[in-house]
Amino acid sequence: MPLPLLERATPDGLTFALTRRSSAGLALRERVPFSPGTDGPGGMPTRAPSAGEQYRFHFDMKKCIGCKCCVVACNEQNGNPAAINWRRVGEIEGGWFPNATRSYLSMGCNHCVEPTCLSGCPVDAYSKDPATGIVRHSADACIGCQYCTWNCSYGVPQYNADRGVVGKCDMCHGRLSLGQAPACVSACPEGAIAIEIVNIAEWRTTVAATASPEPSRGAASAGVPVADGSLSTTRITMPADMAPNAKPRDITHVTPEHPHWPLVIMTVLTQLSVGAFTTIWLLQLLGASSRLGLAAIASLLVGALALSASTLHLGRPVYAYRALKMWRRSWLSREVLLFTSFSAVAGLYAALLWFGGTPEGVPYVGGDASRRLTTVVGALTVALGIAGVTASACIYRVPSRPAWNTRYTLLQFNLTGALLGPLFAMAVGVGDHRWLAVAAATMAGAQFVLLAVRFLRCIASDSLELKGTARLLSTVFAKHLVARGVLLAAGAIVLPLLVAPPALALALAAGAEVLGRYLFFVSVVPKHMTTPYVPVESEAA
């Protein structure tokens with residue numbers, strides 16, 4: 001539907017720009033019935049969605065000329081800076097000289113049937129409008145955790161550091177409510193973008209019928225998404241002459257991602273704290289008693305420092321408590337809940353150890369009962385800690401980040417705690433130095449094996465994203481990768497076995513894990529926004 005018409009009026013010699021109200025302000029439900037899949041006037045349907053239907057974008061690649069007027073109009077409509085684009089245009093190249101081809105794919109939010117941004121949000125900032133199907137985001141509820149920017153298969157949500165919140169396309173919901181077309185639809189000079197109505201059940205059937213275990217050109221030519229995990233509703237009309245080797249121009253131009261230093265510190269230190277408490281509990285079971293209380297209190301302080309560091313990642317840290325809200329469906333909420341519980345129980349465990357099993361104010365219940373109570377509280381501390389570390393790893397197991405989306409992430413996070421825990425106990429001065437050194441060296445060896453397997457998996461994979469990760473690690477971050485290995489070998493294997501100062505060994509090993517976690521964040525290559533519609537390579541199992 002076109003924007004309201006502007007008329008020129010010249011009463012009494014003065015010129016005014018008048019906006020005709022006419023039908024532009026009428027509700028869509030009052031319009032003439034519209035056949036789904038067919039564009040109405042100005043790229044807009046002439047009725048509202050019925051039950052089981054929703055609005056969606058239709059993009060015609062045959063019409064697009066790559067002018068990016070839609071990008072500019074979107075930014076102007078929403079007041080975004082140039083670096084934040086809620087609508088983006090990808091260049092698709094293919095063919096062979098001299099018959100090379102280029103086409104363009106413009107994409108905003110796909111208003112998915114099962115939006116992963118919504119299911120992963122820990123504060124319930126996303127909602128799917130039941131009447132229109134539009135996925136909307138509430139800046140007021142958002143705490144700026146940026147989890148949705150990883151969770152979306154298309155990278156649609158964009159973080160605005162100046163505002164401290166995420167934002168995304170909402171199909172110009174305010175304009176739609178006034179009967180006006182979204183800014184991108186109105187701005188396109190070729191009419192390549194349109195709004196249409198889709199029957200959700202029929203769309204599911206179409207996508208399921210077209211999809212296959214491996215992405216195919218058949219799926220691409222049909223203009224439906226393949227293996228996006230959220231069931232995008234956007235329909236794309238592909239060029240009839242698209243080359244079989246067509247792919248996004250920049251899909252192999254990999255660049256480092258943001259390091260997210262607060263998360264680097266938070267994940268390593270929480271895993272260190274959990275590993276330390278696990279070691280302390282095992283030493284207690286084996287009969288050790290000297291300095292366990294001191295070690296527990298030191299470990300508790302490390303955990304508190306880690307949780308404090310995590311708030312620095314948030315755009316609005318004052319609202320960090322909201323992250324507990326959606327624990328039933330969000331791994332981030334579960335992580336917060338588990339580590340909060342871990343901190344509380346670990347505090348009790350540390351107090352029991354410090355006071356010899358009988359904290360102040362608790363009546364004496366006998367030596368054996370006191371030891372049993374301490375042991376049970378210690379077991380609960382370890383269980384909550386391991387569960388928290390596992391929840392942390394599950395946060396990063398998102399399909400849009402293939403290098404993260406593997407069971408090796410779970411092993412890597414838990415191995416960090418398993419190798420730093422014994423070293424921490426050595427540094428504090430509890431337990432048998434020799435056995436703790438052997439335990440640390442064994443866990444470090446397992447970490448080396450895991451790192452090698454992950455790197456070889458990336459090299460051998462057919463996935464361009466995994467190959468991109470291997471390329472970054474072997475070129476841009478080659479020195480970092482070598483330094484990580486040297487620090488790990490020195491701090492967790494050589495120095496402990498040579499009975500070197502335990503504090504030095506712990507510092508080197510912790511530095512190795514911090515460097516490894518830095519590489520974890522910067523070397524990941526996200527899936528290209530066009531991949532579900534223009535499959536390039538099959539991903540290795």
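Aspartate 124 is partly exposed, with a relative accessible area of 31%; here buried means under 20% relative accessible area, exposed over 50%, and partly exposed in between (1.4 Å probe, protein chains only). Its salt-bridge partner is arginine 329, with the closest N and O atoms 2.8 Å apart. A salt bridge is a side-chain nitrogen of Lys or Arg within 4 Å of a carboxyl oxygen of Asp or Glu. Aspartate 124 sits in the loop between helix 2 (116–120) and strand 6 (126–128), and arginine 329 in the loop between helix 9 (292–310) and helix 10 (331–354), so the pair ties together parts that are 205 residues apart in sequence. Arginine 329 is also partly exposed, at 31%.

A word on the source: this is a predicted model, in which local features need pLDDT of at least 70 and side-chain atom pairs count only at pLDDT 80 or more, while totals for chains, interfaces and linings use all residues. Residues are numbered from 1 along each chain as its sequence is written, and side-chain values use heavy atoms, with hydrogens and water left out.

**The chain as a whole**

The protein chain has 16 helices and 12 strands. Both kinds of element are DSSP runs numbered from the N terminus (helices H or I, at least four residues; strands E, at least two). Of the 541 residues in the chain, 51% are buried. Among contacts with a separation of 6 or more, 72% join residues 24 or more positions apart, where contact means heavy atoms within 4.5 Å.

**Salt bridges**

The structure holds 10 salt bridges. Three of them are set out here.

| Glutamate 91 | Arginine 249 | 3.0 Å |

Glutamate 91 pairs with arginine 249. Since glutamate 91 belongs to strand 4 (residues 88–96) and arginine 249 to the loop between strand 12 (247–248) and helix 8 (261–285), the pair ties together parts that are 158 residues apart in sequence. Glutamate 91 counts as buried at 19% relative accessibility, whereas arginine 249 is partly exposed at 36%. Salt bridges that share partners join Glu91, Glu93, Arg102 and Arg249 into one network.

**A buried arginine without a salt bridge**

Arginine 454, in helix 13 (residues 433–460), tells another story. Arginine 454 is buried yet has no salt bridge, and the nearest side chain of opposite charge, glutamate 513, is 10.0 Å away. For charge, Lys and Arg count as positive and Asp and Glu as negative, with His and the chain ends not counted. What does the side chain of arginine 454 reach at 2.6 Å? The backbone oxygen of alanine 403. Beyond neighbours within four places in sequence, the contacts of arginine 454 include Ala403, Trp404, Tyr408 and Phe520.

**Asparagine 75**

Asparagine 75 lies in helix 1 (residues 69–78) and is buried, with a relative accessible area of 10%. Its side chain makes a polar contact with the side chain of asparagine 85 at 3.2 Å. A polar contact is a pair of N or O atoms within 3.5 Å; within protein, one must be able to donate a hydrogen and the other to accept it, and residues adjacent in sequence count only if both atoms are side-chain atoms. Not counting residues up to four places away, asparagine 75 touches Asn80, Pro81, Ala82, Ile84, Asn85 and Trp86. The C-alpha atoms of asparagine 75 and alanine 183, 108 residues apart along the chain, are separated by 9.2 Å.

**Pocket and cavities**

Strand 4 gives the largest share of the lining, four residues.

A search of the whole structure also finds seven cavities of 30 Å³ or more. The largest cavity has a volume of about 100 Å³ and is lined by 15 residues, with Cys109, Cys112, Cys117, Cys152 and Val156 nearest its centre. On a 1 Å grid over the protein atoms alone, a cavity is a set of points where a 1.4 Å probe fits but cannot get out, and a pocket is an open set with protein on both sides within 12 Å along at least five of seven lines; lining residues have an atom within 4 Å of a point. Grid points are joined across faces, edges and corners, and a volume is the space filled by probe spheres set on the points.
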